[in-house]
Amino acid sequence: MLPKPVLPMSPNHHPQRRRVRRWIAASAVLTGLVLAAGCGLEDDASPPPAVDRSQASPTAGEVQRQYQEAFSATGEFAYTRKQEFVEAMRIKVQALERRFAELAESAERAGANVREESQEILEDIDTRASALRGMLDNVESATEESWEAVRTGAVNAYDGLSERLDRARKWLSERIAP
């Protein structure tokens, strides 16, 4: 059995956690921008000139614009790594397909009754795997605007297929060795 590769879709890289991390990163960048704008450092030791405080603080619109720029930059970074994501997902899908082949082989050896019962399960898994391969093709051709939705769809499809394979393997092991 091959070791499970550690790839971008490990539990520590779940889409919800990524969104939270991205939000934290964008908030940190925004906070840094706001602080940098408000804390300009000067080389001379002369006292700062008198400033009208109503004009010195950033407006809500400026803060929102800076936040959106920072958030957009993190999304652009993820989009630039699209090919790495696709390659990693293809490796993970190949591992799932090997698990599927082992499962189908076990069902075939198990006997006629188990073989019949498992046929529908195996067809469902095969259909999901085909859909996931199609999604990966969509991820490869995703635009920057559609990237996040397409990537999330592929990740969710992979997670669903992996879970379905685990349930099928458990079901089959219960039928083979009661």
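Leaving aside its neighbours within four places in sequence, E140 is in contact (heavy atoms within 4.5 Å) with K82, Q83, V86 and R90. The model is a predicted one, in which local features need pLDDT of at least 70 and side-chain atom pairs count only at pLDDT 80 or more, while totals for chains, interfaces and linings use all residues. Residues are numbered from 1 along each chain as its sequence is written, and side-chain values use heavy atoms, with hydrogens and water left out.

E140 belongs to helix α5, which covers residues 112–140. Helices here are DSSP runs of H or I with at least four residues, strands are runs of E with at least two, and both are numbered from the N terminus. With a relative accessible area of 34%, E140 counts as partly exposed; buried means under 20%, exposed over 50%, and partly exposed lies in between (1.4 Å probe, protein chains only). R151 is eleven residues from E140 along the chain, and their C-alpha atoms are separated by 9.5 Å.

**The chain as a whole**

The chain holds six helices and zero strands, in the order α-α-α-α-α-α from the N terminus on. Of its 178 residues, 26% are buried. Among contacts between residues at least 6 apart in sequence, 80% join residues at least 24 apart. The chain exposes about 11,900 Å², of which carbon and sulfur atoms supply 56%; accessible areas come from the Shrake-Rupley method with a 1.4 Å probe, and for residues only the protein chains shown count as cover.

**Helix α4**

Helix α4 spans residues 82–110. How far apart are the end C-alpha atoms of α4? They are 42 Å apart, which agrees with the 42 Å that its 29 residues should span at 1.5 Å a residue, the expected span being 1.5 Å times one less than the number of residues. Just after α4, G111 takes a positive phi of about 125°. A101 also lies in α4 and is partly exposed, at a relative accessible area of 44%. A101 and D126 are 25 residues apart in sequence, with 10.0 Å between their C-alpha atoms.

Rolling a probe the size of a water molecule over the atoms shows where empty space is left. A cavity is a set of points, on a 1 Å grid over the protein atoms alone, where a 1.4 Å probe fits but cannot get out; lining residues have an atom within 4 Å of a point. Grid points are joined across faces, edges and corners, and a volume is the space filled by probe spheres set on the points. A search of the whole structure finds two cavities of 30 Å³ or more.

| Cavity | Volume | Lining residues |
|---|---|---|
| Largest cavity | about 40 Å³ | L103, A107, S118, I121, L122, A168, W171 and L172 |
| Second largest cavity | about 30 Å³ | L96, E97, F100, I125, A129, L161 and L165 |

For the second largest cavity, the elements giving two or more residues to the lining are α4, α5 and α6. The most comes from α4, with three residues. The lining of the largest cavity likewise draws at least two residues from each of α4, α5 and α6 (147–176).

How values were computed
On a 1 Å grid over the protein atoms alone, a cavity is a set of points where a 1.4 Å probe fits but cannot get out, and a pocket is an open set with protein on both sides within 12 Å along at least five of seven lines; lining residues have an atom within 4 Å of a point.
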